[in-house]
Amino acid sequence: SEHFIGLVGSGAASGLGVGAFELDATILLQVLGHVFIPVYIASQVSTLPEYMERRFGGKKRIRLYLTFLSIILYIFTKISVNLYSGALFIEKALDWNMYSGIVGILILTALTTIGGGLTAVIYTDTLQTAIMLIGA
């Protein structure tokens, strides 16, 4: 939802610079994946906190600190923006209250994730991608 509301609004206000930023991000993610995936595979780890724990010693402090920091930053930067922009869309499209939209998004997300686990999330993302591509 932050892409439909935030990036589209930024692109309309400032022009092609937003699209160039997103294009650069896709290229940079490919380069970073090419560099770091062999390191993770060789180290037999799957997360950055786990890699840092193995790289800088067996102390759990580094892993716990990075895990806690990642979760807190994700909550305050990604989840809150998604909830707000999704609720803003629901408020404008369906004329609901902002807080009702947030609660509705949370309930729908929890039911989908708890009911079907990661598999349900993957199928939902695939369906949403198909809808966005058809709609574009």
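Trainee: Before we start, what does buried mean here?
Mentor: Buried means under 20% relative accessible area. Keep in mind that this is a predicted model.

Trainee: Okay. Which residues of helix α3 are buried?
Mentor: Helix α3 covers residues 48-55, and its buried residues are Pro49, Glu50, Tyr51 and Glu53.

Trainee: What covers the buried residues of α3?
Mentor: The cover includes α2, residues 17-43, and α4, residues 60-94.

Trainee: What happens at the start of α3?
Mentor: Look at Thr47. One of its side-chain oxygens comes to within 3.3 Å of the backbone nitrogen of Glu50.

Trainee: And what follows α3?
Mentor: Gly57 does. Its phi is positive, near 115°.

Trainee: Let's move to Ile62. Where is it?
Mentor: Ile62 sits in helix α4.

Trainee: What does Ile62 touch?
Mentor: Leaving out residues up to four places away in sequence, Ile62 touches Met52, Glu53 and Phe56. Also check Pro49: its C-alpha atom is 7.0 Å from that of Ile62, and the two residues are 13 apart along the chain.

Trainee: Why is Ile62 called partly exposed?
Mentor: Because its relative accessible area is 27%.

Trainee: Now Ser85. Buried or exposed?
Mentor: Ser85 is buried, because its relative accessible area is 4%. Ser85 is found in helix α4.

Trainee: Which backbone oxygen lies 3.4 Å from a polar side-chain atom of Ser85?
Mentor: That of Asn82.

Trainee: Zooming out, how many helices and strands does the protein have?
Mentor: Five helices and zero strands.
Trainee: Why is it called more spread out than a compact globule?
Mentor: Its radius of gyration is 19 Å, while the globule rule gives 14 Å for 136 residues, so the protein is more spread out than a compact globule. Its C-alpha trace spans about 55 × 35 × 25 Å along the principal axes.

Trainee: How much of the protein counts as buried?
Mentor: Of its 136 residues, 12%. The accessible surface comes to about 10600 Å², and 73% of that belongs to carbon and sulfur atoms.

Trainee: Last topic, confidence. Where is it lowest, and where highest?
Mentor: Helix α1, residues 2-14, is lowest, with a mean of 75. Helix α5, residues 98-135, is highest, at 88. For the protein, the mean pLDDT is 85, and 96% of residues reach 70 or more.

Conventions. Residues are numbered from 1 along each chain as its sequence is written. This is a predicted model: local features need pLDDT of at least 70, side-chain atom pairs count only at pLDDT 80 or more; totals for chains, interfaces and linings use all residues. Side-chain values use heavy atoms; hydrogens and water are left out. Buried means under 20% relative accessible area, exposed over 50%, partly exposed in between (1.4 Å probe, protein chains only). Helices (H or I, at least four residues) and strands (E, at least two) are DSSP runs, numbered from the N terminus. Contact means heavy atoms within 4.5 Å. A polar contact is a pair of N or O atoms within 3.5 Å; within protein, one must be able to donate a hydrogen and the other to accept it, and residues adjacent in sequence count only if both atoms are side-chain atoms. pLDDT is the predictor's confidence in each residue, from 0 to 100. The radius of gyration is taken over C-alpha atoms; the globule rule is 2.2 Å times the number of residues to the power 0.38. Accessible areas come from the Shrake-Rupley method with a 1.4 Å probe; for residues, only the protein chains shown count as cover.
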